[in-house]
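Student: Please take me through the salt bridges in this model. I would like a close look, pair by pair.

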Amino acid sequence: MRGLALQIGGALAALATVVSGCGSADSGDLDDVKPSTQTAPRESPEYEEVADLAAMKVVDQQYVFGDTLYLDDSLLLIQARTHPDVDYLSLVTGINPATGKVKWEIDEEDVPPSILKSGLFLNRGRLLVTDGTAYVPIGSSSSTGFVALDAETGEARWSAQHPVWAPGHPGPGGRGAQTVVDIVGAAGDVVVYAAHEYWSDGDLSALNDPDVDIKPNILHRVETVAVDAETGKEHWRKSGFLGRYVTRNHVIGTMPAKEEARHNEPLAAVVATTGAEAWKTTWKSNITDLSKDWLLVRKSNSGDIGPHDGVYEAATGRRVAELDADTPPGLSSGWANEVPEARGHGIAWITTEKDKDGPRTLHVAKDGETTLRKVALPPNDRLEIGYPMVTEDDYVMVQSAAIDPIGQQFTDLKDGDLGFPVDATEDDREPITYSDDYLITGGSQVDETILYKRVP
């Protein structure tokens, strides 16, 4: 075993709960933090290596990020990559995470023409695995969408296709037309995808660079569609709503106006099974982390705190906790481009008391609970939330902001103990994605992408 044996150590901290109400929860006063009555700390999570995915040549080591694969307790699904023998074919791989062994690999020629029509190919984009089915993007010059595969065998079941907008003429300022379809998630008996069609001026990555003259996309059409998980038949379609996340029973997204980009738009939610409107806002913001029951909303990815920043109930849109000006920037920014549906069992954020060098407090909104928890961290520990990982058995992954030692560690929500900093990402590997029982680390600058299994 290597890399991820996380051992208990560090100082014993304290735990208290803050009951949430219609107003905001207090995030700065530690007077209500009570000492733990537990005499012995629990054992911190420990992981053992299952497989080196790069060495198996099932991932392209230069492009391994959270949005290039999907990790579920039942299946590791890996994006379409170039076939090693046939350049014009793409391979999609399904791996048993318990063993690291390949269960199946398919390319376009393995999918019947009745499901994957001529010209369509296995594409790159958001992936999803749920309830025994794997969903993989497909595309062509005239159509886009995704195909549903049996998670056990890789056999294709059905496909959902959305037309590519082809106006036949350039847009304003000579812009080109583009269509993007994202698999948003699944709830109940439906799978949800979102489509937005727009005129593009170029690469939005430099949109905020004052030295680069790039204009935002101009939206032409936005819609979200739910299809039957068994057949692919359409259940509902909502125009003007761009779904981005699926929580327990809702699709969370935005109501963008034309000439707006995809971020900093009014938030909204619809019921996942019907498409009926649940709630919406009049203000613009971003969601930086979410779980089945909670949303962490802030104005931007910078350190700025906006008037609507805080923790919200996903089902109602009600704010239950505010953020404060001492909250460090970069809240739960890890896995920002990963699959959009909720992965953890809650959301977490850290506040600094009084000044940046003062005590820090870890706050957690746990799924299924109506109270917010907080844990007083040791005052000399410079910790931050780099990866939004809250486990079902009450651990939260944090990481050191110090140069040495640096690495991932787990805070125990039950007794407040903090696992001593251990380099959980050997050779500078960073956590890429996780499920309840598995964790993958890697990075574009190293030669290894490691699949780990949590030790029972």
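Tutor: Start with Arg81 and Glu105, whose side chains meet in a salt bridge at 3.0 Å, N to O. The term means a side-chain nitrogen of Lys or Arg within 4 Å of a carboxyl oxygen of Asp or Glu. This pair links distant parts of the chain, 24 residues apart: Arg81 is in strand S4 (residues 76-82), Glu105 in strand S6 (residues 101-106). Strands are DSSP runs of E, at least two residues, numbered from the N terminus. Arg81 is buried at 17% relative accessible area, while Glu105 is partly exposed at 34%. Buried means under 20% relative accessible area, exposed over 50%, and partly exposed in between, with a 1.4 Å probe and protein chains only.

The model is predicted: local features need pLDDT of at least 70, side-chain atom pairs count only at pLDDT 80 or more, and totals for chains, interfaces and linings use all residues. Residues are numbered from 1 along each chain as its sequence is written, and side-chain values use heavy atoms, leaving out hydrogens and water.

Next, Glu223 and Arg237 form a salt bridge at 2.6 Å, N to O. Glu223 sits in strand S14 (residues 218-228) and Arg237 in strand S15 (residues 234-239), so the pair ties together parts 14 residues apart in sequence. Glu223 is buried at 4%; Arg237 is partly exposed at 40%.

Then take Asp394 and Lys366, with their closest N and O atoms 2.6 Å apart in a salt bridge. Both residues are buried. Shared partners also join Glu197, Arg221, Glu223, Glu234 and Arg237 into one salt-bridge network. The count comes to 15 salt bridges.

Note on methods:
Helices (H or I, at least four residues) and strands (E, at least two) are DSSP runs, numbered from the N terminus.
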